[in-house]
Amino acid sequence: MLRGPITLTTDFGTSDHFVGTMKGVILGISPRARFVDITHEIAPQDVNEAAFVIAQAWRYFPKGSIHVVVVDPGVGSARRPILCEAEGQFFIAPDNGVLSMIFDSCRPKVRVLSNEKLFLKKVSKTFHGRDVFAPAAAHLSKGLAPAKFGKLIQDFSRNFLSKPARLSRHDWSGVVLKTDRFGNLITNFHIDEFPELRERSLELRAGLERITRLAGTFAETALGELFAIVGSSGYVEVVVNQGSAAKRLGVGTGSPVELEIFYDS
Amino acid sequence: MLRGPITLTTDFGTSDHFVGTMKGVILGISPRARFVDITHEIAPQDVNEAAFVIAQAWRYFPKGSIHVVVVDPGVGSARRPILCEAEGQFFIAPDNGVLSMIFDSCRPKVRVLSNEKLFLKKVSKTFHGRDVFAPAAAHLSKGLAPAKFGKLIQDFSRNFLSKPARLSRHDWSGVVLKTDRFGNLITNFHIDEFPELRERSLELRAGLERITRLAGTFAETALGELFAIVGSSGYVEVVVNQGSAAKRLGVGTGSPVELEIFYDS
Amino acid sequence: MLRGPITLTTDFGTSDHFVGTMKGVILGISPRARFVDITHEIAPQDVNEAAFVIAQAWRYFPKGSIHVVVVDPGVGSARRPILCEAEGQFFIAPDNGVLSMIFDSCRPKVRVLSNEKLFLKKVSKTFHGRDVFAPAAAHLSKGLAPAKFGKLIQDFSRNFLSKPARLSRHDWSGVVLKTDRFGNLITNFHIDEFPELRERSLELRAGLERITRLAGTFAETALGELFAIVGSSGYVEVVVNQGSAAKRLGVGTGSPVELEIFYDS
């Protein structure tokens, strides 16, 4: 039984041999495995950015998909590798919170990856992507049962803070989850949690700017206009029509964003 | 019946989840689909650059290939998505001229993609790559007949100006179609349209430089020499031996290039 | 018979159509061929960097894999294309030394690629990746015997100097083979050739810094600490904990590194 595609999300970049080598290891064990690269451009060791990216992508994949996420500042230390099952899909990652947004949105079954027979024979101290995560994904793709990898655990890491904090009745403190390729600033205000944004006036404060327009489409705004829009993931994004909001505001991933909602206006 | 590979040409970059998510959508509908990334590094919203890139690549693909081109400044507006058949291959793109160079070189059959049953159930206003183009490509890859997607149209967009303009008997005004990775400047002077360049003297003017040598190979030029050469696509390129013509001349994609041919010298 | 995956290592970057076009050519000849991109970000025409990268990756691939390496400053000149067999895997590359590190580590059988029936009909002077190397790889992937490609040769190029030079009894002169994505400096001192580094004191000199610590793991060092470590390929690397050694030292690929070993301390 061949399971679904193996996706890869890492901070390895694409200028070294790292990603290709991981795929070589996988094909040596599971010759018919198929790959989808989500991204290898996560900022080095930025667990939060990787947590956001994989959380946006996984629901669009079919059941049986195996998502390998290797952003791993603790490589070589005692942090555990884990295998997570959620809604018929699989996740293989270090236990450092990088799967937090997935844990938040469904009931996961998490196991420690402790069966060393499923790793490469010689495990280096610096490249567990090749020596631990890739071979585990390969064995899983061939249909091996999750229980063969290790025991269920409950004390896995959930340290990613993705939710806005309430400052006062109408004020919320949020953050830029990610700056995308176009310079759009993706905030952690999700339309499902703030449905009133569709009807009320609002003010978003980021950098030195105050944004009061929540547009329905890019097409209804002017060239160069700064505004907010509900992005394709459901998060409110601060954007510039055919420009970069990140450059205009001088802010980026991790920057604070405040939201005020005017109920009585 | 599984059709040929699905190629992807976008301005999405590779640092976000966008491309991976499109592939997830496709694999959910057409599990055995196979991908070739042409590039995701088209300059944001640069329809002309994308038109050039896909025009260079497609003829090298086998019949049945499906080329998805998503550079889409009008996303969310009334611009139509289209499906084009040409010489046994398929193209899926917004109707914004991005397929112009293909329309110029063969007789295409173009349909509007109007069958919403072939899109994702919920279509966002900002990410038609995921919600419209990817699922359409997936259904097409499984062998669905083009007629199921929508009706033939004639009024599709052909706004890409790729041809040099004649200034006087021996003078032509052209443009840099693309600056490649090596800094080579690919002009829109094609050797098939200017075969006399092989025999006559010429002067190419770009930036502040005048180039009079059309070399046969890199190997016959000196290290650091600036010259012209007929590139692998048949276009005249301005290049520097082991250097960057773009840096030397301070010009790039979209810059003007003038050509003078000396017939009486 | 379908052979293993085709890997690609080039200096083509990913912003042009070059890599996609090569894959189109391959799929036209060998429709079920599968690809793994090692990297396309080799510095333009840097044969040494490509030699290092493919040497790190290939041993992790299964038998039957076909490694295509196109870093080719001599394209269009008389340099030969070659096909190499080594330990059940295959390599296709220009004969410019880019396979030197593979030749050093095993007994290769090297053939000149002289059978022009296996190239595209029209071979350009600038893009042998598309016209020569891609079609050859495609035919090989379909099971064609290596002897069909051309005759065995002995005078292939081995010009890559990857070994440290001895300066005096305890002093060695080495070089940075590659700067990786994280700014780690990979030297050409391999732990298998310098096993005494595990037990003796050492001093590595690079830029204006002197490094005396060879750590076992990143986790045992302090944030921002500069130290040496045996990397995942077995080479000694100069690194900074959660930082870039390349930036700290102001050195990069090709920079000299000196090693002194203290036997009598």
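Biologist: What area do chain B and chain C bury between them, and how much of it is on carbon and sulfur atoms?

Modeller: The model is predicted. In it, chain B and chain C bury about 2400 Å² between them, with 58% of that on carbon and sulfur atoms. The contact draws on 28 residues from chain B and 34 residues from chain C.

Biologist: Why is the pair C:E41 and B:R181 called a salt bridge?

Modeller: The rule asks for a side-chain nitrogen of Lys or Arg within 4 Å of a carboxyl oxygen of Asp or Glu. For C:E41 and B:R181 the N to O distance is 3.4 Å, so the pair meets the rule. Two salt bridges are found across the interface of chain B and chain C. The interface also has twelve residue pairs in polar contact, both residues being at pLDDT 80 or more.

Biologist: Which elements give two or more residues to the side of chain B that touches chain C?

Modeller: They are β2 (35–39), α2 (47–57) and β8 (171–179) of chain B. The largest share, four residues, comes from β2(B). By class, that side of chain B has twelve nonpolar, ten polar and six charged residues.

Biologist: How do you know that the copies use different surfaces?

Modeller: Of the contact residues of chain C, 11% recur in chain A.

How values were computed
Residues numbered from 1 in each chain as written. Chains lettered and ligands numbered in written order. Predicted model: local features only at pLDDT ≥ 70, side-chain atom pairs only at ≥ 80, totals over all residues. Heavy atoms only, no water. Contact = heavy atoms within 4.5 Å. Buried area = accessible area lost by both parts, 1.4 Å probe. Polar contact = N/O pair within 3.5 Å; in protein donor to acceptor, adjacent residues only side chain to side chain. Nonpolar A, V, L, I, M, F, W, Y, C, P; charged D, E, K, R; others polar.
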